[in-house]
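Please look through the sequence and the model below before reading on.

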Amino acid sequence: DPSEYQFIPAIWGIAHPPGYAFYTLLAGLWQRIVTVGSVAWRTNLLAACAGAWAASRVSAIVLSLGACDRESRAAGWWPAGSALVGGLAVASAPDVWQHSIHANAHIVSAAITVTQLWLLVCWWRTGRIAWLYGLAWLVGIGVTHHPITVWGIPAYLLFILLARPGIIKEWRAILGGVGGVVVGLMPWLYFPLRSPEVPFGPTDMASWDGFLRHATAQGLRVNLFHFGLAD
């Protein structure tokens, strides 16, 4: 897979299911803007930066939580020290480190998810609706990157309702959130636009059947529940 994650963005192709639309666009732009080293090396560098970003967002979350506590804030170095330990713990974790040293989409999934959590904490701490719109946009981005990010959405909605029950009556906030998700889904347009002439990948994604089959990775469904309850 690492070699595929390097050459697919370079040729503007379509990767194996679910296609990784956002990653392809991100890595493709990165390869053309960051012109240091070979295409393979600079795409590996993207993974390193994604891992570093994920660790930094963990530090930012811890720092935000510490700032909410007046006693911690009065303690001086505790919030910053805790944030540093949290970030280093993620940065030095074997699985995160492993996925941060070669081109792959999974470290980008981790970076997207932890950024979503950071935006959620920022909204909870400040009450500014703009943070929630940013979260909605990144939720849409995450869906176009890999369907696994969908599993965080129920938890986000539950947290929002518990933190601000009255938001269900704020129709502007709801419409803004829906609009953010729709805008975030735009990387999916890459599939039908590119598929008919793609040099590598499925050529039928301009149709609904072809799009849904590839973008939802229906062919890999057997891998999800390979073992039954008895096993």
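**A walk through the model**

F159 is partly exposed, with a relative accessible area of 32%. Here buried means under 20% relative accessible area, exposed means over 50%, and partly exposed lies in between, using a 1.4 Å probe and protein chains only. The model is a predicted one, in which local features need pLDDT of at least 70, side-chain atom pairs count only at pLDDT 80 or more, and totals for chains, interfaces and linings use all residues. Residues are numbered from 1 along each chain as its sequence is written, and side-chain values use heavy atoms, with hydrogens and water left out.

Consider next the chain as a whole. The protein chain has 13 helices and zero strands. Helices (H or I, at least four residues) and strands (E, at least two) are DSSP runs, numbered from the N terminus. The C-alpha atoms of the protein chain fill a box of roughly 60 × 50 × 45 Å along the principal axes. Of its 231 residues, 40% count as buried. Contact means heavy atoms within 4.5 Å. Among contacts in the protein chain between residues at least 6 apart in sequence, 62% join residues at least 24 apart.

Which residues of α1 are buried? They are E4, Y5, Q6, I8 and P9. The cover over these buried residues of α1 includes α2, α3 and α7. Just after α1, W12 takes a positive phi of about 55°.

Now turn to the interior. A nonpolar core is a set of buried Ala, Val, Leu, Ile, Met, Phe, Trp, Tyr and Cys residues joined through side-chain atoms within 4.5 Å. The largest nonpolar core has 36 residues, and those with the most contacts inside it are Y23, V108, L120, L132, L135 and I160. Two or more residues of this core come from each of α1 (2-11), α2 (21-33), α3 (39-67), α7 (106-126), α8 and α9. The largest share, eleven residues, is given by α7. Not counting residues up to four places away in sequence, V108 touches F22, Y23, L26, A50 and H145. Another core lies apart from the largest one; this other core has eight residues, among them I14, Y190, F191 and V198.

The aromatic rings come next. A pair of aromatic rings is described by the distance of the centres and the angle of the planes. Rings of Phe, Tyr and Trp (its six-membered ring) pair if their centres lie within 6.5 Å; planes under 30 degrees apart count as stacked, over 60 as edge-to-face and the rest as tilted. A search of the whole structure finds ten aromatic pairs. The rings of Y5 and Y23 have centres 5.5 Å apart and planes at 75°, so this pair is edge-to-face. Y5 is in helix α1 and Y23 in helix α2, 18 residues apart, and the pair links distant parts of the chain. Both Y5 and Y23 are buried. The rings of W124 and F159 have centres 6.3 Å apart and planes at 70°, so the pair is edge-to-face. This pair too links distant parts of the chain, with W124 in helix α7 and F159 in helix α9, 35 residues apart. W124 is partly exposed, at a relative accessible area of 42%.

Ring pairs also link W12, W188, Y190, F191, W208 and F211 into a cluster. W188 lies in the loop between α10 and α11 (190-194). Leaving aside neighbours within four places in sequence, W188 is in contact with A21, V143, T144, F211 and A215.

On a 1 Å grid over the protein atoms alone, a cavity is a set of points where a 1.4 Å probe fits but cannot get out, and a pocket is an open set with protein on both sides within 12 Å along at least five of seven lines; lining residues have an atom within 4 Å of a point. The largest pocket is lined by 18 residues, of which L132, A136, L157, I160 and G177 lie nearest its centre. The elements that give two or more residues to this lining are α8 (129-145), α9 (153-163) and α10 (171-184). With six residues, α8 gives the most to the lining.
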